[in-house]
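Have a look at the sequence and the fold first.

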Amino acid sequence: MIKNHVMNTYGRADIIFEKGIGTKLYDTEGKEYLDFVSGIAVNCLGHSHPVIVNAIKAQSEKLMHVSNYYWNEYNIKLSDILTKNSDHESVFFTNSGAEALEGAMKLCRKYGKTQSEDKDVILYLSGSFHGRTMGAISITGQPAYQKPFMPIIPNTVMVEFNSVEDLKSKFTEKVCGIILEPVQGEGGLSACSMEFLQTAKDLCEKNDALLVFDEVQCGIGRLGTLFAYEKFGIIPDVICIAKALGGGVPIGAFIANEKTSNVLVPGDHGTTYGGNPFVCSVACAVLDELINNGVIKGVDAKSEYMKSKLLELKEKYPSKISEIKGMGLLIGFKLEGSPKEFMTKALEKGLLVIYANNNVVRLLPPLNVTEAEIDAAIELLDKVFAEF
Ligand SMILES: Cc1ncc(COP(=O)(O)O)c(C=O)c1O
């Protein structure tokens, strides 16, 4: 175990990484790894991408931070890019995914309370993951995340994943919003059914409640469209994003549609660092590369290629892989065996993968991954399976 004074909240592998280029990572011993985790869907352009490096260099020499009591050119520019490329109107910048969810929860509550004092129930789904703050765990449908920290925020009610019946029965007039991941990441790469999403949308309209998509993991290109909702054709009132938005610098956001864009007013919400010129200039450069340089356009074909290669592995190891799961480059397989053990063995062979719930191994390569790199990852997975 590496000697340290970092609080022991992660089951960390005993590796210190010191350098990364593209899909490659190097540890302090000089060993090379193929990174199919991307910092859990963060490094969408891989490591040390020149677009990100140059944006960091340029902006750090110019202006790192000013208070949100003043404007800076890059939070204006980034909000323009995000709203021009969505069906939405205004953006609140945060520092992380959980913080984006916190803001969305506050927005739902305030929206409900403007109609009636007791319209404050927030629905969420079983198997979901929305982050680790008190608000976020209150809408995370996994008992292990909530139990040690009880009581959670009241009037948060769990709905069975993809159960239209349960959704209808719990969607009373007291509901102010429903928060869901269109494709669950940590939950095991399960997608909401179109019927479930359409019902949620209809019930929100009928009850004047808000539909919130948590696209922190599945958004920003990972499904082959900038926003995940575009893949489903169902427009949420509010979108939460983070992770890939900054390509490695900490930034998140919640984005409100016209109906909800003016719910929060001065004094309702804030954060010191949110939307500072440094992170926003990097996010602008990341989005420019993703949108205008063909990166997102290439995701569908890469996803198909990777799926076909994973299916070949499934045919070769039918007793070890039971299902190929996920969409876009949020993809993986259901393993017969311990995904944690699999992850450790993959690491020994020089491949980073990550597990999710329900025995799923997740593969989250950067969005600019090449077919040759996918082939290399499949070859390493094959070697792991041969010994697993
Ligand atoms: C879907 C989803 N929402 C929210 C979060 C929380 O994001 P953060 O860790 O940046 O707070 C995560 C993190 O994995 C996530 O996957």
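Predicted model: local features only at pLDDT ≥ 70, side-chain atom pairs only at ≥ 80, totals over all residues.

**Aromatic rings**

Let's start with the rings. A pair of aromatic rings is described by the distance of the centres and the angle of the planes. The structure has nine aromatic pairs. One of them brings together Phe-333 and Phe-385, a tilted pair with 5.5 Å from centre to centre and 50 degrees between the planes. This pair links distant parts of the chain, as Phe-333 sits in strand β12 (residues 330–335) and Phe-385 in helix α13 (residues 371–387), 52 residues apart. Both Phe-333 and Phe-385 are buried.

Another pair is made by Phe-342 and Phe-388. How are these two rings set against each other, with centres 5.2 Å apart and planes at 80 degrees? The pair is edge-to-face, because planes over 60 degrees apart count that way. Phe-342 belongs to helix α12 (residues 339–349), while Phe-388 is in the segment after α13, so the pair ties together parts that are 46 residues apart in sequence. Phe-342 is buried, with 0% relative accessible area. Phe-388, at 23% relative accessibility, counts as partly exposed.

Lys-19 lies over the face of Tyr-26, 5.2 Å from the ring centre.

**A pocket and what lines it**

Now for some empty space. Rolling a probe the size of a water molecule over the atoms shows where empty space is left. The second largest pocket has a volume of about 910 Å³. Its lining is made of 30 residues, and the closest to the pocket centre are Asn-68, Val-91, Phe-92, Phe-93 and His-269.

Which elements each supply at least two residues of that lining? They are α3 (73–84), β4 (90–94) and β10 (252–256). The largest share, four residues, comes from β4. By type, the lining of the second largest pocket divides into 14 nonpolar residues, 15 polar ones and one charged.

**Sites from the UniProt record**

An unreviewed UniProt entry lists Gly-97, Ala-98, Phe-129, Asp-214, Glu-215, Val-216, Gln-217 and Thr-272 under "binding site". These residues are spread over 176 residues of sequence, and in space they are up to 25.3 Å apart between C-alpha atoms. Among them, Thr-272 is part of the lining of the second largest pocket. Gly-97 is in helix α4 (residues 97–113). At 14% relative accessibility, Gly-97 counts as buried, because the cut-off for buried is under 20%.

The unreviewed entry in UniProt also gives "binding site" for Arg-132 and Thr-271. From this set, Thr-271 is in the lining of the second largest pocket. Arg-132 is in the loop between β5 (121–125) and α5 (134–138). Is Arg-132 buried or exposed? It is exposed, with a relative accessible area of 59%.

Here are some residues from this tour side by side.

| Residue | Relative accessible area | Class |
|---|---|---|
| Phe-342 | 0% | buried |
| Gly-97 | 14% | buried |
| Lys-243 | 21% | partly exposed |
| Phe-388 | 23% | partly exposed |
| Tyr-355 | 31% | partly exposed |
| Arg-132 | 59% | exposed |

Most residues other than glycine have a negative phi, and most peptide bonds are trans. The spots below depart from that pattern.

A cis peptide bond joins Met-150 and Pro-151, with omega at about 0 degrees. Pro-151 is in the loop between α6 (143–146) and β6 (156–159).

Ser-48 is not a glycine, yet it has a positive phi of about 55 degrees. Its place is the loop between α1 (38–41) and α2 (50–60).

Lys-243 also has a positive phi, near 35 degrees, and is a residue other than glycine. Where is Lys-243 found? It lies in the loop between β9 (238–241) and β10.

**One last residue**

Tyr-355, listed in the table, is found in strand β14 (residues 354–356). Tyr-355 and Lys-302 are 53 residues apart in sequence, and their C-alpha atoms are 21 Å apart in space.

Notes: Residues numbered from 1 in each chain as written. Heavy atoms only, no water. Phe/Tyr/Trp six-rings, centres within 6.5 Å; stacked < 30°, edge-to-face > 60°. Buried < 20%, exposed > 50% of the residue type's maximum accessible area, 1.4 Å probe, protein only. Lys NZ or Arg CZ within 6 Å of the ring centre and 35° of its normal. 1 Å grid on protein atoms, 1.4 Å probe; cavity = no way out; pocket = protein on both sides within 12 Å on 5 of 7 lines; lining within 4 Å. Points joined across faces, edges and corners; volume = space filled by probe spheres on them. Nonpolar A, V, L, I, M, F, W, Y, C, P; charged D, E, K, R; others polar. UniProt positions renumbered as here; feature names shortened; annotations may be inferred.
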